[in-house]
Structures are given as C-alpha cells and as structure tokens.
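Here are some notes for a colleague who is coming to this structure without having seen it before. They are set out as numbered points, to be read beside the sequence and the model.

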Protein chains: 2
Amino acid sequence: MRALVTGAAGFLGSHLCDRLIKEGHSVVGMDNFITGSPDNIAHLAGNSKFLFIRHDVANFIFVPGKIDAVMHFASPASPNPTSPYGYTNLPIQTMKAGALGTHNTLGVARAHQARYLLASTSEIYGDPLEHPQKETYWGHVDPIGVRSMYDEAKRFAEALTMTYHHYHNINTSIVRIFNTYGTRMRLDDGRVVPNFIQQALRGEPLTVYGDGSQTRSFCYVDDLIEGIYRLLISNEHLPVNIGNPAEISILEFAETINRVVGNPAGIIKQPDLRLGDDPQRRRPDITRAKEVLDWEPKIALEVGLQRTIPYFREKLGAA
Amino acid sequence: MRALVTGAAGFLGSHLCDRLIKEGHSVVGMDNFITGSPDNIAHLAGNSKFLFIRHDVANFIFVPGKIDAVMHFASPASPNPTSPYGYTNLPIQTMKAGALGTHNTLGVARAHQARYLLASTSEIYGDPLEHPQKETYWGHVDPIGVRSMYDEAKRFAEALTMTYHHYHNINTSIVRIFNTYGTRMRLDDGRVVPNFIQQALRGEPLTVYGDGSQTRSFCYVDDLIEGIYRLLISNEHLPVNIGNPAEISILEFAETINRVVGNPAGIIKQPDLRLGDDPQRRRPDITRAKEVLDWEPKIALEVGLQRTIPYFREKLGAA
C-alpha cells in the first residue's frame, strides 16, 4: 500500500508514518510545518519508503504516482491561546485545513479510488452533556464560541467526508481522536502533558488551573496509532472513537507525573484564566472500537509516561 | 452604497437586490443559477443600479469597482430530497457554497473593508431541544446526519465569519433566517409553501405528511428583508434571528391556504417518508432583533398569502 499522510511532521502524523513503514507500506508525507516539526521526520530522510512533499493542504494537492490510502491529519490541534501553535492563534489556517484541506484530500482519494481516513477529534462533542461520549452523540458546540474555528472545522470535515462517501461512493473512514500523549508532542504548544512534564523535569511545582477536579482521559500514542491503523485496514465508514476511557482528574494526573519523574516540588493551584468553553469532562465510549476493530488501549498511564519522559528530558537538555 | 449580493437570482437574494436598489444603492448581483432563476432578476436587466455577474462563489471572486457591503446569500436551501433543487441532491455544491463561498466573500469584504452579512439559517439549531430558539442556543445537529451538508456548512460559515471579525477586524454580521415565504419561491423545490399553494390552486387536496401536528413559523418575505436590511445598516456583529415567532401547525397552515385560495378539496394525510431529522418544532426568539434592530414582523399570514398566491397562479398558468 502507498499512503498519503497529511500533517506528516506532526505529533500523530509522524508516528503514523513510522507505523505504516514498519508494516511494509510506502508513505508520501505532506506538511507545511506551521505546527509540525522537521525533527519529527528527520529519521525518515533517505528512507526509500518515504517521500516528503512540503505543501499546504489548503491548496490543490498533486501526488506523483498511485495512492491507495489518504490519511488527513493536517491541522493545528492545541487549544491553548498562550501558545503560538494554538489554533486560536492560527484560526484561518485551522479552518482552511479542515474545510479546504479535507476537500482537497477527498479529491485525491476520489481520483485514486483510495481508502480515506479523516482525523477528527473529541472536540466535535464540544462541552458534552453525555458521559462517556458515544459516536452517536451529536455534541454540544457553540458555533460562534472561542473554540469554534477548530470544532466547527472538524464537524464540517466529518460532514464533507460522509458526503463524499454517500454521493461519490468513496471508501471513507473517520477517527475521533481523544487526548493523546507521547514522544514528539511540541514542548511549546501549551497542552497539559508537555507543560506538566517540563515543569516536573525542571523540578518546579506543576501548575494546576482551577481546583484540578476537571477530568481528562489520556491515551498513549502507540495505542492510538494501533487503533487508527486497524481502522484504516477495516471497512468501517462510520466515525469511531479512539481514546483511553480511563478517566483521571488533572490533579491526580499531575501527582502521577511528579511520582514518575521523581519531582518533589508538588503542585501549585492557580485561577483558571484560560480559554472559555474548556470542557469539564471528556471520555470516550470505545464500545464501537472494540466491536469493529477489536481494539482497546493496552498501555497504562505510568508505563506510557515512562516511555515519554526521556524524550522531553532530551529535548529540554538540548534547548 | 454599492453592495455585492451572492445568490442574487434566488428567492431571498432577488428580493434583497430589489430592496437595496429601492433604497438608492447599487448592486452587483452574483449567481450560478444552480438553484436561482434568471426570471427573478429579469426585471433588473438594463437597470443602471444593477450589474449581474454569472459566477460560482466557490471560485475566487473578482468584483470590478469599490464594494461597501457583501451579502452572502448563495446556497441551495431546500431540504426536500425529492426535488432536484434540494440540498441533499446538491451536497458538494452546498458545502462549497458554505465553506469556499463564505471564505471567498469574506475575502472580498476584507479587500474592500466592507460591511459583511452572512445569510445563516435556523437549521444551525438542528432539531432543537429549546423552544423558542434564542441566539445563545448552541443547537442540536448531527454532524454526519442526512441534513449535515447544509447544517454543518452554515455552522462552519458562522464560525469563519466570526473568525474574520475577531482576527481580521472585518465588520461582519450574521442573520439566522427562519422559514420564509413569498413570491419567487421555486415552484419545484419541494418546500411546503409552494407545494400547498400549487395543490390548492389546482383544486387538489393538500398533502400533509404525518399527523400535521409538527409546527412551523412562517415569515413573509417583505418582513424578512426589512429585518435583514436593518441588520446590514446596523453595527451588530453577533447573530440575529429574523423570522416570525407566530407558530402554526402544518395542519392549520394547510387549512389557512385552502381558505385563502378558496380550495374546497380539503386535506389528505400521508405517512411521512421524507428526510430524517425533520425538526418537529422550530420557532425564533426575536428578542435580540427587537432590541438591536427595533424589528418585528408586521404582516399577518393571511395577508402574506394573499400577496403570494397571485404569483403562483401566474406561474402555474404559464407552465
């Protein structure tokens, strides 16, 4: 199989490229590096299974040679407005990646009659009124809210993907990705995992905003990529949640990181002055993934953190 | 003022052109005629205040001369899948009008530093869980539902419009249009008003799907255009509902049309086999329009119907 992966230099896209190549496939990676990093794919330079094209998916996409699968992972994805890589600081690019990028990548899938996989997100559920979230839940999103450039772009992308499936008979699939962590996360995109790990490695107290009772579910990247790969090679067309249903409060999460790192500096609570609409809870119902893909996460949080922390230690040492 | 109106040959767009010209403004009308009709603007041919450009808004828009206002009304808008003009039969065009069309028209507004007005819709509320719908209601839309090509395109368009307002400082506005009726509706787009009026004029019984208890709120087009014009010349940036809050069941509505037309053939009920997700109720809360625009509808249903029916009689006679 020869797959086009957009967002190939991103956190998830680069792991996906590695997995595809490990399975014996060829990959055409595409990225414009507005949030992705060349470091994430530097190890693939010179690999005969990997061709890189620097390109913005909002513009018409030409790929030389036959493509069997298109995986659209290009988008800013951090909600943190204090980071230059947060989607609120790249709102037009985010909406173009979701609308034009999805349109253009679906066009590639149509031209090549390829399997298509859209990277969607738990953010299409917004601030959910149902817990955990099943794929049949319609979500609770403010169309003009502070996160709407991302949430509505992804909802539009899902609708367009299903439209291509129904009306152009394209073999599409949609993964709704929940919070994921692992190596190659940007240190500076403002998300909680890199923030906590960096503070812990520096021996600083971990900053928890609010009372820390808000919960998250963190999936280790290898588990996530396994689920996505299974979805790719399946015949499923409906959206599938991939994420870890193990729910943990931000406070417990901070304590776990301090324990794994061996950071004695503890935790400091600060008033939550960040982006509004921050969901209090989000947790996947993975029944469909179990049934359709025989998938569930295998890697416990402490194990995943032990695999992740050396990456951050090295990056911080180099910085 | 010189305004660009997209969808100028449509039901609402053409009435809007007339109103702008009546107020002394100049209009550049744009349409690709996939659902609009040249008949709706034939009377403007040769009018020095009106320039028509046949163009698909999904492609880059060039407008000769200075533009002071951009009003984006281009989109298929009928939910009826039995009509070739229904958006379920034009799904890609509908999503392109909502995403690319909004992007391109916002680009015109940005280039000309013009006032922007997006024609949004009550369909962004989906199958609402709150009645009536306030502008602050987030809606209840299935992102992969049978109507999602329209609903999600309009939600995306709203998010993109607010993004241009916040990040490019464009003077934007958003009108959420509820059910409207009047002259220049397509006879064959499958919506309930033209369907009922045609059946009544032919002396046939009016077909009510289901038990007829589902309600709608119908606004006469002159009322709607008045509200939109007031919004255009206001400084409002947040979405404003424009519609008639007078709620009526489909059964009562059919009886009213029979009475106004003088059709003795009555009503026939049929099982509802049409598009899923058909909302059972939708009714605008127009508090914001009253406060911000000093607007409310003035024209009673029977009066509006009396003004509308001669148009359909003439069209049917000509057919």
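**Notes on the predicted model**

1. In chain A, helix α4(A) is followed by A:G203, a residue whose phi is positive, near 75°. The model is a predicted one, and the angles and distances in these notes should be read with that in mind. Helix α4 of chain A, residues 192-201, is mostly covered, since eight of its 10 residues are buried. The buried residues of α4(A) are A:V192, A:V193, A:P194, A:N195, A:F196, A:I197, A:Q199 and A:A200.

2. Helix α6 of chain A, residues 250-261, can be checked for its length: at 1.5 Å a residue its 12 residues should span 16 Å, and its end C-alpha atoms are 16 Å apart, which agrees. Which residues of α6(A) are buried? They are A:I250, A:F253, A:A254, A:I257 and A:V261. When one looks down the axis of α6(A), its buried residues fall within an arc of 100°, so they line one face of the helix. Just after α6(A) comes A:G262, which takes a positive phi of about 80°.

3. The two chains meet in a contact that takes 25 residues from chain A and 25 residues from chain B. On the side of chain A that touches chain B, the elements that give two or more residues are α2 (91-112) and α3 (148-168) of chain A. Of these, α3(A) gives the most to that side, with 12 residues. Sorted by class, the side of chain A that touches chain B has 17 nonpolar, four polar and four charged residues.

4. How the copies are arranged can be stated briefly: chain A can be laid on chain B with an RMSD of 0.0 Å by a turn of 180° and a shift of 0.0 Å along the axis. The two copies are thus related as by a two-fold rotation axis. The same surface serves both copies, in that 100% of the contact residues of chain A recur in chain B.

5. The largest nonpolar core has 172 residues, and those with the most contacts inside it are A:V5, A:M71, B:V5 and B:M71. Leaving aside neighbours within four places in sequence, A:V5 is in contact with A:G13, A:L16, A:C17, A:V27, A:G29, A:M30, A:M71 and A:F73.

6. A cis peptide bond deserves a look in each chain. In chain A the bond from A:H131 to A:P132 is cis, with omega near -15°, and A:P132 is found in the loop between β5 (115-121) and α3 of chain A. In chain B the bond from B:H131 to B:P132 is cis, with omega near -20°, and B:P132 has its place in the loop between β5 (115-121) and α4 (148-168) of chain B.

7. Is A:D294 buried or exposed? A:D294 is exposed, with 9 other C-beta atoms within 10 Å. In chain B, B:F33 has a positive phi of about 65° although it is not a glycine, and B:F33 lies in the loop between β2 (26-31) and β3 (50-54) of that chain. B:F33 is exposed as well, with 11 other C-beta atoms within 10 Å.

8. A:R230 is found in helix α5, residues 221-232, of chain A, and with 18 C-beta neighbours inside 10 Å it counts as partly exposed. The C-alpha atoms of A:R230 and A:D294 are separated by 8.6 Å, although the two residues are 64 residues apart along the chain. Not counting residues up to four places away in sequence, A:R230 touches A:L293 and A:W295.

9. The last point concerns B:H25, which lies in the loop between α1 (11-22) and β2 of chain B. With 17 C-beta neighbours inside 10 Å, B:H25 counts as partly exposed. Not counting residues up to four places away in sequence, B:H25 touches B:M1, B:R2, B:A3 and B:L20. The C-alpha atoms of B:H25 and B:R307, which are 282 residues apart along the chain, are separated by 25 Å.

Methods
Residues numbered from 1 in each chain as written. Chains lettered and ligands numbered in written order. Predicted model: local features only at pLDDT ≥ 70, side-chain atom pairs only at ≥ 80, totals over all residues. Contact = placed C-beta atoms within 7 Å. Helix = DSSP H or I, 4+ residues; strand = E, 2+ residues; numbered from the N terminus. Nonpolar A, V, L, I, M, F, W, Y, C, P; charged D, E, K, R; others polar. Least-squares fit on C-alpha atoms with pLDDT ≥ 70 in both. Buried ≥ 20, exposed ≤ 12 C-beta atoms within 10 Å, placed from the backbone. Expected span 1.5 Å × (residues − 1). Arc of directions from axis to C-beta. Core = buried A, V, L, I, M, F, W, Y, C linked by C-beta atoms within 7 Å.
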